[in-house]
Amino acid sequence: MTESQPQVVHRHHWIVRVTHWANAIALVLMIGSGLRIYNAFPGFAPRGESFCCWPWEGSMIADNLTFGGWLGGARHWHFAAMWPLVMNGLVYLGFIWLHGEWRDLVPRRGFVRDALAMAKFYLWIAGEHPRQGKHNALQRGAYFVMPYVAAVSVVTGIAIWKPVQLGWLGALMGGYAWARYWHFLAMAALIVLSVGHVIMVLAVDPYSLRAMLTGRYNASLSPEARNARPLVNLLPRRAAKAEAPDE
Amino acid sequence: MSDRGGRGAACGDGRPMGRRGFLRTASGLLVSGGLLAACDSEGPRSAQPLLDFAERQNERLERGLFRHTSMARVPGGARAAGDAFPSYHIADEEPEWDVATNGTWALAVGGLVRTPLRITLEALMAMPRVTQRVPHYCVEGWTAVAEVTGVRVRELATLAGAHPQAGYVDFTSFDEGYHESWDRESAEHDQTLVVYAKDGQPLSPKYGAPARVHSPTRLGYKNTKYLTSVMFMADRNGGYWTDRGYEWYGGT
(Lines give C-alpha, C1' and ligand atoms only; values in the text may rest on other atoms or scores of the structure.)
Protein backbone atom coordinates (compact mmCIF):
# COMPACT_ATOMS: atom_id res chain seq x y z
CA MET A 1 0.00 0.00 0.00
CA THR A 2 1.39 3.39 -0.91
CA GLU A 3 -1.09 6.15 -0.42
CA SER A 4 -4.68 5.92 0.63
CA GLN A 5 -7.01 6.86 -2.22
CA PRO A 6 -9.99 9.13 -1.49
CA GLN A 7 -12.99 6.94 -0.82
CA VAL A 8 -15.83 9.39 -0.96
CA VAL A 9 -19.03 7.99 0.40
CA HIS A 10 -22.43 9.58 0.76
CA ARG A 11 -22.82 9.83 4.50
CA HIS A 12 -25.70 12.14 5.42
CA HIS A 13 -29.07 12.50 3.72
CA TRP A 14 -30.04 16.12 3.12
CA ILE A 15 -32.84 15.84 5.68
CA VAL A 16 -30.29 14.88 8.33
CA ARG A 17 -28.04 17.78 7.32
CA VAL A 18 -30.80 20.39 7.29
CA THR A 19 -32.27 19.24 10.59
CA HIS A 20 -28.79 19.10 12.13
CA TRP A 21 -28.05 22.77 11.42
CA ALA A 22 -31.57 23.93 12.14
CA ASN A 23 -31.28 22.15 15.46
CA ALA A 24 -27.97 23.86 16.17
CA ILE A 25 -29.50 27.30 15.63
CA ALA A 26 -32.71 26.53 17.54
CA LEU A 27 -30.74 25.04 20.41
CA VAL A 28 -28.51 28.11 20.72
CA LEU A 29 -31.60 30.35 20.72
CA MET A 30 -33.39 28.19 23.29
CA ILE A 31 -30.40 27.92 25.62
CA GLY A 32 -29.53 31.62 25.38
CA SER A 33 -33.07 32.82 25.97
CA GLY A 34 -33.62 30.17 28.64
CA LEU A 35 -30.59 31.38 30.57
CA ARG A 36 -31.90 34.96 30.36
CA ILE A 37 -35.24 33.78 31.77
CA TYR A 38 -33.38 31.91 34.48
CA ASN A 39 -31.57 35.12 35.47
CA ALA A 40 -34.88 36.74 36.42
CA PHE A 41 -35.03 34.29 39.33
CA PRO A 42 -31.76 32.37 39.48
CA GLY A 43 -32.74 29.59 41.83
CA PHE A 44 -35.28 26.91 42.51
CA ALA A 45 -36.57 27.35 46.06
CA PRO A 46 -40.22 28.40 46.35
CA ARG A 47 -40.55 31.62 48.37
CA GLY A 48 -40.30 30.93 52.08
CA GLU A 49 -38.87 27.47 51.46
CA SER A 50 -35.48 25.97 50.73
CA PHE A 51 -34.37 23.71 47.91
CA CYS A 52 -32.17 20.75 48.70
CA CYS A 53 -30.21 20.30 45.56
CA TRP A 54 -28.86 23.51 44.17
CA PRO A 55 -25.72 25.02 45.76
CA TRP A 56 -25.78 28.10 43.49
CA GLU A 57 -29.10 29.57 44.60
CA GLY A 58 -29.05 33.25 43.58
CA SER A 59 -26.04 33.04 41.23
CA MET A 60 -26.77 34.52 37.84
CA ILE A 61 -25.53 33.48 34.43
CA ALA A 62 -23.13 35.95 32.78
CA ASP A 63 -25.16 38.33 30.62
CA ASN A 64 -23.20 37.69 27.45
CA LEU A 65 -24.04 34.00 27.60
CA THR A 66 -27.72 34.93 27.46
CA PHE A 67 -30.01 36.01 24.67
CA GLY A 68 -33.15 38.10 24.52
CA GLY A 69 -31.97 41.25 26.28
CA TRP A 70 -34.61 41.25 29.00
CA LEU A 71 -37.04 38.82 30.58
CA GLY A 72 -39.97 39.57 28.27
CA GLY A 73 -37.79 39.55 25.17
CA ALA A 74 -36.20 36.25 26.16
CA ARG A 75 -39.64 34.76 26.81
CA HIS A 76 -40.82 35.78 23.33
CA TRP A 77 -37.80 34.08 21.77
CA HIS A 78 -38.09 31.02 23.99
CA PHE A 79 -41.77 30.45 23.26
CA ALA A 80 -41.22 31.07 19.55
CA ALA A 81 -38.06 29.00 19.04
CA MET A 82 -39.54 26.07 20.93
CA TRP A 83 -41.73 25.29 17.90
CA PRO A 84 -38.97 24.98 15.29
CA LEU A 85 -36.91 23.06 17.84
CA VAL A 86 -39.64 20.49 18.49
CA MET A 87 -40.87 20.21 14.90
CA ASN A 88 -37.32 19.92 13.57
CA GLY A 89 -36.57 17.24 16.15
CA LEU A 90 -39.67 15.28 15.15
CA VAL A 91 -38.76 15.50 11.45
CA TYR A 92 -35.27 14.23 12.26
CA LEU A 93 -36.44 11.37 14.46
CA GLY A 94 -39.20 10.44 12.03
CA PHE A 95 -36.74 10.41 9.16
CA ILE A 96 -34.06 8.29 10.83
CA TRP A 97 -36.77 5.90 11.96
CA LEU A 98 -38.32 5.48 8.52
CA HIS A 99 -35.04 5.61 6.59
CA GLY A 100 -33.12 3.27 8.86
CA GLU A 101 -30.39 5.64 10.06
CA TRP A 102 -31.38 4.88 13.63
CA ARG A 103 -29.39 1.66 13.26
CA ASP A 104 -26.19 3.73 13.09
CA LEU A 105 -27.05 5.42 16.37
CA VAL A 106 -28.46 2.71 18.59
CA PRO A 107 -25.76 1.17 20.80
CA ARG A 108 -24.86 -2.30 19.60
CA ARG A 109 -24.26 -5.48 21.53
CA GLY A 110 -20.99 -5.07 23.41
CA PHE A 111 -21.46 -1.29 23.65
CA VAL A 112 -19.78 -0.99 27.05
CA ARG A 113 -16.76 -2.97 25.90
CA ASP A 114 -16.48 -0.93 22.70
CA ALA A 115 -16.88 2.36 24.55
CA LEU A 116 -14.18 1.36 27.02
CA ALA A 117 -11.88 0.37 24.16
CA MET A 118 -12.46 3.78 22.58
CA ALA A 119 -11.79 5.58 25.87
CA LYS A 120 -8.60 3.57 26.35
CA PHE A 121 -7.44 4.59 22.91
CA TYR A 122 -8.15 8.28 23.57
CA LEU A 123 -6.29 8.04 26.89
CA TRP A 124 -3.23 6.47 25.16
CA ILE A 125 -3.76 3.19 27.01
CA ALA A 126 -4.39 1.40 23.75
CA GLY A 127 -2.29 2.15 20.69
CA GLU A 128 -4.60 1.31 17.82
CA HIS A 129 -7.90 2.92 16.94
CA PRO A 130 -10.64 0.35 17.56
CA ARG A 131 -12.51 -0.75 14.47
CA GLN A 132 -15.60 1.31 13.85
CA GLY A 133 -18.23 1.79 11.22
CA LYS A 134 -19.89 5.14 10.68
CA HIS A 135 -19.54 6.13 14.34
CA ASN A 136 -17.44 4.84 17.20
CA ALA A 137 -19.06 3.55 20.38
CA LEU A 138 -18.64 6.84 22.27
CA GLN A 139 -20.30 8.72 19.44
CA ARG A 140 -23.14 6.23 19.28
CA GLY A 141 -23.69 6.65 22.98
CA ALA A 142 -23.75 10.45 22.75
CA TYR A 143 -25.94 10.63 19.64
CA PHE A 144 -28.30 8.04 21.07
CA VAL A 145 -28.69 9.81 24.42
CA MET A 146 -29.14 13.29 22.94
CA PRO A 147 -32.75 12.87 21.71
CA TYR A 148 -33.76 11.45 25.09
CA VAL A 149 -32.24 14.38 26.95
CA ALA A 150 -33.90 16.72 24.46
CA ALA A 151 -37.23 14.99 25.09
CA VAL A 152 -36.77 15.52 28.83
CA SER A 153 -36.09 19.20 28.26
CA VAL A 154 -39.20 19.53 26.08
CA VAL A 155 -41.54 17.71 28.47
CA THR A 156 -40.22 19.56 31.54
CA GLY A 157 -40.49 22.79 29.57
CA ILE A 158 -44.16 22.14 28.81
CA ALA A 159 -44.73 21.41 32.50
CA ILE A 160 -43.26 24.82 33.43
CA TRP A 161 -45.15 26.60 30.67
CA LYS A 162 -48.53 25.25 31.83
CA PRO A 163 -48.19 24.44 35.53
CA VAL A 164 -51.95 24.68 36.11
CA GLN A 165 -53.63 23.61 32.87
CA LEU A 166 -51.20 20.66 32.60
CA GLY A 167 -50.70 20.36 36.35
CA TRP A 168 -50.60 16.55 36.16
CA LEU A 169 -47.43 16.80 34.10
CA GLY A 170 -45.73 18.99 36.69
CA ALA A 171 -46.91 16.65 39.42
CA LEU A 172 -45.16 13.75 37.66
CA MET A 173 -41.93 15.70 37.99
CA GLY A 174 -42.37 16.48 41.64
CA GLY A 175 -44.01 19.88 41.23
CA TYR A 176 -43.19 23.19 39.60
CA ALA A 177 -39.85 23.84 41.33
CA TRP A 178 -38.61 20.36 40.46
CA ALA A 179 -39.81 20.67 36.88
CA ARG A 180 -37.73 23.86 36.57
CA TYR A 181 -34.80 21.98 38.08
CA TRP A 182 -35.04 19.04 35.65
CA HIS A 183 -35.48 21.51 32.80
CA PHE A 184 -32.27 23.26 33.83
CA LEU A 185 -30.33 20.01 34.26
CA ALA A 186 -31.52 18.72 30.89
CA MET A 187 -30.27 21.95 29.32
CA ALA A 188 -26.92 21.55 31.09
CA ALA A 189 -26.67 17.99 29.75
CA LEU A 190 -27.47 19.23 26.23
CA ILE A 191 -24.70 21.82 26.55
CA VAL A 192 -22.21 19.15 27.69
CA LEU A 193 -23.20 16.85 24.82
CA SER A 194 -23.16 19.62 22.20
CA VAL A 195 -19.93 21.25 23.31
CA GLY A 196 -18.28 17.84 23.59
CA HIS A 197 -19.54 17.03 20.11
CA VAL A 198 -18.18 20.25 18.59
CA ILE A 199 -14.81 19.85 20.33
CA MET A 200 -14.45 16.26 19.14
CA VAL A 201 -15.43 17.17 15.59
CA LEU A 202 -12.75 19.83 15.47
CA ALA A 203 -10.12 17.85 17.38
CA VAL A 204 -10.62 14.38 15.95
CA ASP A 205 -12.61 14.43 12.73
CA PRO A 206 -12.87 17.89 11.12
CA TYR A 207 -13.51 16.12 7.82
CA SER A 208 -16.92 15.13 9.10
CA LEU A 209 -17.86 18.82 8.94
CA ARG A 210 -17.85 18.47 5.19
CA ALA A 211 -20.11 15.44 5.47
CA MET A 212 -22.62 17.43 7.51
CA LEU A 213 -22.54 20.25 4.93
CA THR A 214 -22.39 18.44 1.57
CA GLY A 215 -23.32 14.93 2.65
CA ARG A 216 -20.08 13.44 1.34
CA TYR A 217 -17.34 11.97 3.48
CA ASN A 218 -13.88 10.81 2.52
CA ALA A 219 -13.61 7.50 4.33
CA SER A 220 -9.85 7.34 3.71
CA LEU A 221 -9.61 10.33 6.08
CA SER A 222 -11.68 8.76 8.83
CA PRO A 223 -10.28 8.84 12.37
CA GLU A 224 -9.76 5.11 12.13
CA ALA A 225 -7.71 5.50 8.94
CA ARG A 226 -5.65 8.27 10.56
CA ASN A 227 -5.44 6.53 13.95
CA ALA A 228 -6.62 9.91 15.27
CA ARG A 229 -6.89 10.90 18.89
CA PRO A 230 -8.03 14.39 19.94
CA LEU A 231 -5.58 16.80 18.25
CA VAL A 232 -3.36 13.90 17.19
CA ASN A 233 -3.01 12.73 13.58
CA LEU A 234 -5.34 15.39 12.28
CA LEU A 235 -3.71 15.54 8.85
CA PRO A 236 -4.10 12.74 6.34
CA ARG A 237 -0.36 12.69 5.56
CA ARG A 238 0.46 11.47 9.01
CA ALA A 239 -1.82 8.50 8.44
CA ALA A 240 -0.06 7.75 5.16
CA LYS A 241 3.29 7.93 6.91
CA ALA A 242 2.12 5.57 9.60
CA GLU A 243 1.34 3.06 6.92
CA ALA A 244 4.68 3.51 5.16
CA PRO A 245 6.70 0.99 7.23
CA ASP A 246 4.40 -1.75 6.00
CA GLU A 247 5.67 -1.36 2.47
CA MET B 1 -5.38 13.84 -7.79
CA SER B 2 -2.82 13.48 -5.05
CA ASP B 3 -4.16 13.35 -1.53
CA ARG B 4 -0.98 14.53 0.09
CA GLY B 5 -1.99 18.05 0.94
CA GLY B 6 -4.33 18.86 3.77
CA ARG B 7 -6.02 21.26 1.42
CA GLY B 8 -7.50 18.44 -0.63
CA ALA B 9 -9.18 17.11 2.45
CA ALA B 10 -10.46 20.42 3.73
CA CYS B 11 -11.94 21.59 0.46
CA GLY B 12 -13.24 18.35 -0.97
CA ASP B 13 -11.48 15.99 -3.40
CA GLY B 14 -8.65 18.46 -3.78
CA ARG B 15 -10.82 20.75 -5.86
CA PRO B 16 -10.44 24.42 -4.98
CA MET B 17 -13.38 25.78 -3.10
CA GLY B 18 -16.13 26.47 -5.61
CA ARG B 19 -18.74 29.17 -5.49
CA ARG B 20 -21.16 26.93 -3.66
CA GLY B 21 -18.55 26.00 -1.11
CA PHE B 22 -17.72 29.63 -0.61
CA LEU B 23 -21.38 30.55 -0.17
CA ARG B 24 -21.81 27.73 2.31
CA THR B 25 -18.78 28.77 4.33
CA ALA B 26 -19.69 32.43 4.17
CA SER B 27 -23.27 31.86 5.23
CA GLY B 28 -22.09 29.60 8.04
CA LEU B 29 -19.76 32.32 9.29
CA LEU B 30 -22.52 34.90 8.97
CA VAL B 31 -24.96 32.81 10.97
CA SER B 32 -22.51 32.02 13.75
CA GLY B 33 -21.20 35.57 13.79
CA GLY B 34 -24.73 36.87 13.96
CA LEU B 35 -25.53 34.56 16.84
CA LEU B 36 -22.44 35.67 18.73
CA ALA B 37 -23.20 39.33 18.11
CA ALA B 38 -26.75 38.73 19.24
CA CYS B 39 -25.71 37.68 22.74
CA ASP B 40 -27.42 39.66 25.47
CA SER B 41 -29.39 41.50 22.79
CA GLU B 42 -33.04 41.29 21.87
CA GLY B 43 -32.08 39.74 18.56
CA PRO B 44 -32.57 41.08 15.06
CA ARG B 45 -35.39 43.57 14.70
CA SER B 46 -36.52 41.81 11.54
CA ALA B 47 -37.47 38.80 13.66
CA GLN B 48 -40.21 40.79 15.40
CA PRO B 49 -43.03 39.80 13.02
CA LEU B 50 -42.09 36.14 13.54
CA LEU B 51 -42.09 36.55 17.30
CA ASP B 52 -45.46 38.31 17.15
CA PHE B 53 -46.83 35.52 14.98
CA ALA B 54 -45.58 32.90 17.44
CA GLU B 55 -47.16 34.79 20.33
CA ARG B 56 -50.54 34.90 18.56
CA GLN B 57 -50.40 31.19 17.78
CA ASN B 58 -49.28 30.36 21.31
CA GLU B 59 -52.18 32.37 22.68
CA ARG B 60 -54.63 30.45 20.50
CA LEU B 61 -53.16 27.20 21.74
CA GLU B 62 -53.18 28.34 25.35
CA ARG B 63 -56.81 29.43 25.16
CA GLY B 64 -57.58 26.08 23.58
CA LEU B 65 -55.81 24.28 26.42
CA PHE B 66 -57.67 26.27 29.06
CA ARG B 67 -60.05 24.19 31.15
CA HIS B 68 -62.29 25.45 33.93
CA THR B 69 -61.72 22.13 35.63
CA SER B 70 -57.93 22.48 35.76
CA MET B 71 -57.18 23.50 39.31
CA ALA B 72 -53.92 24.68 40.78
CA ARG B 73 -52.96 22.51 43.70
CA VAL B 74 -50.40 23.16 46.36
CA PRO B 75 -47.92 20.31 46.72
CA GLY B 76 -48.31 18.41 49.94
CA GLY B 77 -46.34 19.88 52.82
CA ALA B 78 -45.75 23.22 51.09
CA ARG B 79 -45.80 26.08 53.55
CA ALA B 80 -47.44 29.41 52.93
CA ALA B 81 -44.76 31.94 52.05
CA GLY B 82 -46.15 34.44 54.54
CA ASP B 83 -44.04 37.58 54.61
CA ALA B 84 -41.59 35.97 52.18
CA PHE B 85 -44.28 36.48 49.52
CA PRO B 86 -42.72 39.23 47.36
CA SER B 87 -44.60 42.39 46.61
CA TYR B 88 -44.21 45.51 44.53
CA HIS B 89 -46.15 48.47 43.25
CA ILE B 90 -45.50 50.85 40.41
CA ALA B 91 -46.21 54.08 42.34
CA ASP B 92 -43.29 55.64 44.18
CA GLU B 93 -45.05 55.26 47.51
CA GLU B 94 -46.92 52.20 48.68
CA PRO B 95 -50.47 52.89 47.50
CA GLU B 96 -52.97 53.31 50.32
CA TRP B 97 -56.62 54.11 49.87
CA ASP B 98 -57.18 57.54 51.40
CA VAL B 99 -60.72 57.72 52.75
CA ALA B 100 -60.45 61.45 53.44
CA THR B 101 -59.93 62.34 49.79
CA ASN B 102 -61.48 59.36 48.00
CA GLY B 103 -64.36 58.45 50.29
CA THR B 104 -65.13 54.91 51.28
CA TRP B 105 -63.53 52.31 49.05
CA ALA B 106 -65.95 50.39 46.88
CA LEU B 107 -65.36 48.00 44.02
CA ALA B 108 -66.96 49.14 40.78
CA VAL B 109 -68.32 46.38 38.56
CA GLY B 110 -69.25 47.88 35.22
CA GLY B 111 -68.83 47.99 31.49
CA LEU B 112 -71.09 45.67 29.50
CA VAL B 113 -73.32 44.77 32.45
CA ARG B 114 -77.06 44.98 33.09
CA THR B 115 -76.60 46.53 36.53
CA PRO B 116 -73.45 48.50 37.29
CA LEU B 117 -72.48 47.90 40.92
CA ARG B 118 -70.49 49.55 43.64
CA ILE B 119 -69.63 46.96 46.26
CA THR B 120 -68.21 48.10 49.58
CA LEU B 121 -65.69 45.94 51.38
CA GLU B 122 -68.37 44.91 53.91
CA ALA B 123 -70.71 43.90 51.09
CA LEU B 124 -67.91 42.02 49.37
CA MET B 125 -67.14 40.14 52.57
CA ALA B 126 -70.80 39.26 52.91
CA MET B 127 -70.83 37.57 49.52
CA PRO B 128 -70.17 33.81 49.15
CA ARG B 129 -66.56 33.46 50.14
CA VAL B 130 -63.89 31.11 48.90
CA THR B 131 -60.69 30.28 50.76
CA GLN B 132 -58.00 28.54 48.76
CA ARG B 133 -54.41 27.59 49.31
CA VAL B 134 -52.73 28.10 45.96
CA PRO B 135 -49.38 28.85 44.38
CA HIS B 136 -48.71 32.23 42.84
CA TYR B 137 -46.69 31.94 39.62
CA CYS B 138 -44.48 34.91 38.89
CA VAL B 139 -43.30 35.59 35.34
CA GLU B 140 -39.77 35.66 36.78
CA GLY B 141 -39.99 31.98 37.64
CA TRP B 142 -40.60 31.92 41.37
CA THR B 143 -43.65 30.60 43.13
CA ALA B 144 -45.10 31.49 46.50
CA VAL B 145 -47.89 29.73 48.32
CA ALA B 146 -50.64 31.74 49.99
CA GLU B 147 -54.02 31.03 51.51
CA VAL B 148 -56.31 33.66 50.06
CA THR B 149 -59.92 34.47 50.82
CA GLY B 150 -62.29 36.32 48.55
CA VAL B 151 -65.15 36.25 46.08
CA ARG B 152 -65.15 34.60 42.69
CA VAL B 153 -65.08 37.05 39.79
CA ARG B 154 -67.75 34.82 38.23
CA GLU B 155 -69.97 35.70 41.19
CA LEU B 156 -69.53 39.40 40.43
CA ALA B 157 -70.29 38.80 36.74
CA THR B 158 -73.53 37.04 37.62
CA LEU B 159 -74.52 39.67 40.16
CA ALA B 160 -73.98 42.54 37.74
CA GLY B 161 -75.42 40.61 34.79
CA ALA B 162 -72.37 40.78 32.56
CA HIS B 163 -73.28 40.71 28.89
CA PRO B 164 -72.42 37.48 27.03
CA GLN B 165 -70.68 39.57 24.37
CA ALA B 166 -68.20 40.86 26.93
CA GLY B 167 -65.31 38.58 26.05
CA TYR B 168 -62.80 40.47 28.15
CA VAL B 169 -62.46 41.82 31.65
CA ASP B 170 -60.24 44.69 32.75
CA PHE B 171 -59.04 44.91 36.33
CA THR B 172 -58.03 48.48 37.23
CA SER B 173 -56.29 49.81 40.31
CA PHE B 174 -55.40 52.95 42.22
CA ASP B 175 -51.69 52.11 41.90
CA GLU B 176 -50.96 54.86 39.36
CA GLY B 177 -52.41 53.56 36.08
CA TYR B 178 -51.89 49.85 36.72
CA HIS B 179 -54.43 47.56 35.11
CA GLU B 180 -54.48 44.24 33.26
CA SER B 181 -57.17 42.88 30.97
CA TRP B 182 -58.09 39.20 30.84
CA ASP B 183 -60.11 36.91 28.66
CA ARG B 184 -63.45 36.24 30.27
CA GLU B 185 -62.94 32.45 30.49
CA SER B 186 -59.92 32.82 32.76
CA ALA B 187 -61.60 35.57 34.76
CA GLU B 188 -64.50 33.22 35.47
CA HIS B 189 -62.33 30.28 36.47
CA ASP B 190 -63.26 28.85 39.86
CA GLN B 191 -59.93 29.95 41.32
CA THR B 192 -60.01 33.52 40.05
CA LEU B 193 -60.95 35.64 43.04
CA VAL B 194 -61.24 39.20 44.21
CA VAL B 195 -59.26 38.65 47.38
CA TYR B 196 -59.53 40.64 50.62
CA ALA B 197 -57.61 38.37 53.01
CA LYS B 198 -54.31 36.57 52.85
CA ASP B 199 -53.20 33.84 55.27
CA GLY B 200 -56.25 34.55 57.44
CA GLN B 201 -55.49 38.26 57.84
CA PRO B 202 -57.09 41.23 56.10
CA LEU B 203 -55.01 42.15 53.07
CA SER B 204 -52.22 44.56 54.07
CA PRO B 205 -51.25 47.55 51.87
CA LYS B 206 -48.09 45.63 50.93
CA TYR B 207 -50.20 42.95 49.23
CA GLY B 208 -52.75 45.20 47.56
CA ALA B 209 -55.28 46.25 50.21
CA PRO B 210 -58.16 46.58 50.36
CA ALA B 211 -58.72 44.03 47.58
CA ARG B 212 -56.82 42.48 44.71
CA VAL B 213 -57.26 39.94 41.95
CA HIS B 214 -55.69 36.58 42.60
CA SER B 215 -55.65 33.51 40.40
CA PRO B 216 -53.13 30.74 39.91
CA THR B 217 -54.32 30.48 36.30
CA ARG B 218 -52.50 33.68 35.43
CA LEU B 219 -48.94 34.87 35.92
CA GLY B 220 -48.51 37.29 38.81
CA TYR B 221 -48.45 40.45 36.72
CA LYS B 222 -51.99 39.78 35.46
CA ASN B 223 -53.26 39.82 39.07
CA THR B 224 -54.07 43.50 39.66
CA LYS B 225 -53.56 44.69 43.23
CA TYR B 226 -55.12 47.80 44.84
CA LEU B 227 -58.23 46.95 42.87
CA THR B 228 -60.80 49.61 42.01
CA SER B 229 -62.92 48.16 39.23
CA VAL B 230 -63.88 45.10 37.27
CA MET B 231 -64.93 46.18 33.80
CA PHE B 232 -66.57 43.80 31.32
CA MET B 233 -65.59 44.66 27.76
CA ALA B 234 -66.05 43.54 24.17
CA ASP B 235 -62.37 44.13 23.40
CA ARG B 236 -59.17 43.71 25.29
CA ASN B 237 -57.28 46.82 26.28
CA GLY B 238 -53.81 45.55 27.13
CA GLY B 239 -52.39 46.20 30.54
CA TYR B 240 -49.51 47.76 32.42
CA TRP B 241 -46.92 45.04 31.77
CA THR B 242 -48.57 43.95 28.54
CA ASP B 243 -48.02 47.44 27.12
CA ARG B 244 -44.38 47.13 28.21
CA GLY B 245 -43.77 44.05 26.09
CA TYR B 246 -44.79 41.08 28.21
CA GLU B 247 -47.30 38.75 26.60
CA TRP B 248 -50.91 39.69 27.12
CA TYR B 249 -52.18 36.21 27.88
CA GLY B 250 -49.72 35.27 30.61
CA GLY B 251 -51.47 31.99 31.36
CA THR B 252 -50.23 29.11 33.46
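What percentage of the 247 residues of chain A count as buried? In this model, which is predicted, the share comes to 45% of the residues of that chain. The accessible surface that chain A presents amounts to about 12700 Å², and carbon and sulfur atoms account for 69% of that surface.

The secondary structure of chain A consists of 10 helices and two strands, and, read from the N terminus, its elements follow the order β-α-α-α-α-α-α-α-α-β-α-α.

Between chain A and chain B an area of about 4400 Å² is buried, with carbon and sulfur atoms giving 59% of it. On the side of chain A, R47(A), V164(A) and Q165(A) supply 17% of the area that this chain buries against chain B, more than any other three residues. Counted by residues, 45 of chain A are in contact with 52 of chain B.

The interior can be followed across both chains. In soluble globular proteins, nonpolar side chains tend to be buried together. Here the largest nonpolar core holds 35 residues, of which F85(B), V139(B), V148(B) and Y221(B) touch the most other members. Elements of both chains supply at least two residues each to this core: from chain A these are α2 (71-99), α5 (137-161) and α7 (176-203), and from chain B they are β3 (130-137), β4 (143-152) and β7 (193-198). Elsewhere in chain B, C138(B) counts as buried because its relative accessibility is 12%, which falls under the 20% limit.

H135(A) has its place in the loop between α4 (111-122) and α5 of chain A, and at 7% relative accessibility H135(A) counts as buried. Leaving out neighbours within four places in sequence, the residues in contact with H135(A) are D104(A), L105(A), R140(A) and Y143(A). The second residue, S220(A), lies in the loop between β2 (216-218) and α9 (223-226) of chain A, and S220(A) is likewise buried, with a relative accessible area of 6%. A polar contact of 2.6 Å joins the side chain of S220(A) to that of N218(A). Although 211 residues separate S220(A) from V9(A) in sequence, the C-alpha atoms of these two residues are 9.8 Å apart in space.

Further along chain A, the loop between α9 and α10 (236-243) contains L231(A), and N233(A) lies in the loop between these helices as well. Phi of L231(A) is near 65°, a positive value in a residue other than glycine, and N233(A), which is not a glycine either, has a positive phi of about 60°. In accessibility the two fall into separate classes: L231(A) is exposed, with a relative accessible area of 65%, whereas N233(A) is buried, with a relative accessible area of 16%.

Another backbone feature belongs to chain B, where a cis peptide bond with omega of about 5° joins A209(B) and P210(B). P210(B) is placed in the loop between β8 (201-202) and β9 (212-214) of that chain.

The last stop is a covalent link between side chains. Over all chains the count of disulfides comes to one, and this disulfide joins C52(A) to C53(A), with an S to S distance of 2.1 Å. Which hand does the disulfide of C52(A) and C53(A) have? The torsion about its S-S bond is about -90°, so the disulfide is left-handed. Its two cysteines are classed separately by accessibility: C52(A) is exposed, with a relative accessible area of 60%, while C53(A) is partly exposed, with a relative accessible area of 33%.

Terms used. Residues numbered from 1 in each chain as written. Chains lettered and ligands numbered in written order. Predicted model: local features only at pLDDT ≥ 70, side-chain atom pairs only at ≥ 80, totals over all residues. Heavy atoms only, no water. Core = buried A, V, L, I, M, F, W, Y, C linked by side-chain atoms within 4.5 Å. Buried < 20%, exposed > 50% of the residue type's maximum accessible area, 1.4 Å probe, protein only. Helix = DSSP H or I, 4+ residues; strand = E, 2+ residues; numbered from the N terminus. Polar contact = N/O pair within 3.5 Å; in protein donor to acceptor, adjacent residues only side chain to side chain. Areas by Shrake-Rupley, 256 points an atom, 1.4 Å probe, with all protein chains shown as cover. Disulfide = S-S within 2.5 Å. Contact = heavy atoms within 4.5 Å. Buried area = accessible area lost by both parts, 1.4 Å probe.
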